[in-house]
Amino acid sequence: CTCPSHKFPCKHGLALLLLALDPKAVPEAEPPEWVASWLDKRATAGEAKHEKAAKAASAAPSKDQERRAAKREALVTTGLDALDLWMGDLIRNGLAAVESQPATFWERAAAQLVDAQAPGFASRVRALAEIPGSRPDWPERLLGQLGRLALLTHAYRRSVDLAPDLREDVRDLAGWHLKEEEVEARGEHVSDDWLALGQYVRDEERGRTQRTWLLGTQSGRPALVLQFSYMNAPFKETFVPGLRQHGEVAFWPGAAGLRAHFVSRSAQTQGVDAIPGAASIEEFLAGVARTLGRQPWQERFLCTLRSAVPIYDPAAKRWLIRDEAGAALPLRDDDLWGDHWRLLAISGGAPVEFAGEWNGEGLLPLGIVAGRAYYQLAGVM
């Protein structure tokens with residue numbers, strides 16, 4: 001639509017969708033000439049974009065690009081030296097004093113990394129500020145996160161010795177991000193029928209981040225589509241949880257191979273009536289372990305279980321998802337989820353096909369299939 005609305009879809013698009021519910025209101029006809037012309041131009045522009053990306057990926061970097069990259073590498077290395085010294089002082093002084101530190105203690109360290117053009121490390125330092133005092137075992141959790149951060153600083157310095165896929169991950173985590181055109185030229189392409197199993201939006205430092213989890217029905221491969229919005233602008237693409245859609249997906253180069261975006265997708269969609277997944281929690285966690293063995297900084301995983309039962313443990317006062325073998329994983333209880341009683345009510349206490357996001361400590365329910373009907377869960381209050 002050509003209207004200036006920042007909302008997507010806009011009110012005109014919604015009106016057309018409402019009209020389309022009545023087949024008589026929108027009879028079949030040949031598209032107008034201007035629509036056919038616009039579609040042709042869009043297809044031509046897309047082909048030109050792919051050709052340009054392929055040429056850019058195969059072209060050798062210019063001297064100016066090499067000089068800028070070398071300058072940034074030097075800045076990042078200096079920033080990591082300061083970060084290692086800061087973390088060393090933190091450990092030598094003991095974690096007991098960390099809880100009383102003001103927010104500026106963490107922000108100063110993060111700001112130095114931003115100045116060193118290492119925004120990925122800066123984001124991780126800011127995340128550390130939320131751990132002290134957050135729960136009884138916060139010292140152990142903080143120590144673990146500091147260890148992972150130290151491992152990342154050492155891996156970055158030795159990136160030339162790493163396997164190519166892992167090197168891509170390390171540089172991306174540091175802040176050397178690839179553009180979508182580069183991903184399409186260098187990343188793995190997978191054509192499949194993709195199930196949109198869940199989606200949620202988080203407020204970040206300077207805007208919003210939307211995470212959409214997909215699963216390929218033939219490849220069995222999970223894919224995470226990340227979209228960013230600044231100044232309340234609409235997200236670039238729309239994904240509707242609970243729909244099945246054929247398309248070609250390009251994955252970011254890396255050892256984990258989870259983040260992806262659509263290169264092309266069909267306009268035809270179907271509803272999700274089944275969620276393929278692991279037969280047990282043990283099988284799912286074995287897959288998580290294999291991924292962490294390749295990429296130890298991966299923080300989110302798509303968990304799909306073919307038969308899961310939501311239960312409430314009154315003694316521990318927590319919600320769980322249990323498989324047929326009796327193993328269970330805790331459910332997260334945060335601002336993305338309002339009431340786990342709704343999950344129990346939909347399931348009726350019977351096994352359902354479950355999709356959730358695992359962060360190493362808890363599961364965020366994304367959606368379930370019960371009675372061959374899909375129900376979205378994440379973000380529903």
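Author: An axis is a line fitted to C-alpha atoms, for helices over the stretch in contact, and angles run from 0 to 180 degrees between N-to-C directions. Helices (H or I, at least four residues) and strands (E, at least two) are DSSP runs, numbered from the N terminus. This is a predicted model, in which local features need pLDDT of at least 70 and side-chain atom pairs count only at pLDDT 80 or more, while totals for chains, interfaces and linings use all residues. Residues are numbered from 1 along each chain as its sequence is written, and side-chain values use heavy atoms, with hydrogens and water left out.

Reader: How do you know what confidence the chain has, and where is it lowest and highest?

Author: On pLDDT, the predictor's confidence in each residue from 0 to 100, the chain has a mean of 90, and 95% of its residues reach 70 or more. The lowest mean, 74, belongs to helix α2 (residues 33–58), whereas the highest, 97, belongs to strand β9 (residues 352–358). Where pLDDT is low, the predicted coordinates should not be read in detail.

Reader: Are α3 and α5 roughly parallel or roughly antiparallel, and what makes them so?

Author: The axes of α3 and helix α5 (residues 119–128) come within 11 Å and cross at roughly 20°. That angle makes α3 roughly parallel to α5, since angles under 35 degrees count as roughly parallel, over 145 as roughly antiparallel, 65 to 115 as roughly perpendicular and the rest as oblique. The crossing of α3 past α5 is left-handed, a term used if the near helix is turned anticlockwise from the far one by less than a right angle, with right-handed used if clockwise.

Reader: Which residues of α3 and α5 meet, and how do they divide by class?

Author: With contact meaning heavy atoms within 4.5 Å, Arg72, Leu80, Leu83 and Trp86 in α3 meet Pro119, Phe121 and Val125 in α5. The residues of this contact divide into 6 nonpolar, no polar and 1 charged, where Ala, Val, Leu, Ile, Met, Phe, Trp, Tyr, Cys and Pro count as nonpolar, Asp, Glu, Lys and Arg as charged, and the others, Gly among them, as polar.

Reader: Which residues of α5 are called buried, and what do they pack against?

Author: Buried means under 20% relative accessible area, exposed over 50% and partly exposed in between (1.4 Å probe, protein chains only). In α5, the buried residues are Gly120, Phe121, Ala122, Arg124, Val125 and Leu128, and the buried residues of this helix pack against α3, α4 (103–115), α6 and α7 (164–174).

Reader: Is α3 roughly parallel or roughly antiparallel to α6, and how do you know?

Author: The axes of helix α3 (residues 63–93) and helix α6 (residues 138–157) come within 10 Å and cross at roughly 150°. That value makes α3 roughly antiparallel to α6, and the crossing of the two is left-handed. The contact of α3 with α6 has 11 nonpolar, 1 polar and 4 charged residues.

Reader: How do the axes of α6 and α7 cross, and which residues make the contact?

Author: The axes of α6 and α7 come within 10 Å and cross at roughly 115°, in a left-handed crossing. Leu152, Ala155 and Tyr156 of α6 make the contact with Val170, Arg171, Leu173 and Ala174 of α7, and by class these residues are 6 nonpolar, no polar and 1 charged.

Reader: Does Cys303 count as buried or exposed, and why?

Author: Cys303, which lies in strand β6 (residues 301–313), counts as buried because its relative accessibility is 0%. Not counting residues up to four places away in sequence, Cys303 touches Phe284, Phe354, Ala355, Gly356 and Leu363.

Reader: Is Arg148 buried, exposed or partly exposed, and why?

Author: Arg148, found in helix α6, has a relative accessible area of 23% and is therefore partly exposed. Leaving aside neighbours within four places in sequence, Arg148 is in contact with Pro296, Trp297, Gln298 and Glu299. The C-alpha atoms of Arg148 and Glu299 are separated by 11 Å, although the two residues are 151 residues apart along the chain.

Reader: What phi values do Gln117 and Lys317 have?

Author: Most residues other than glycine have a negative phi, and most peptide bonds are trans. Phi of Gln117, however, is near 60°, a positive value, and phi of Lys317 is near 55°, also positive. Gln117 lies in the loop between α4 and α5 and, at 35% relative accessibility, counts as partly exposed. Lys317 lies in the loop between β6 and β7 (318–322) and is exposed because its relative accessible area is 67%.
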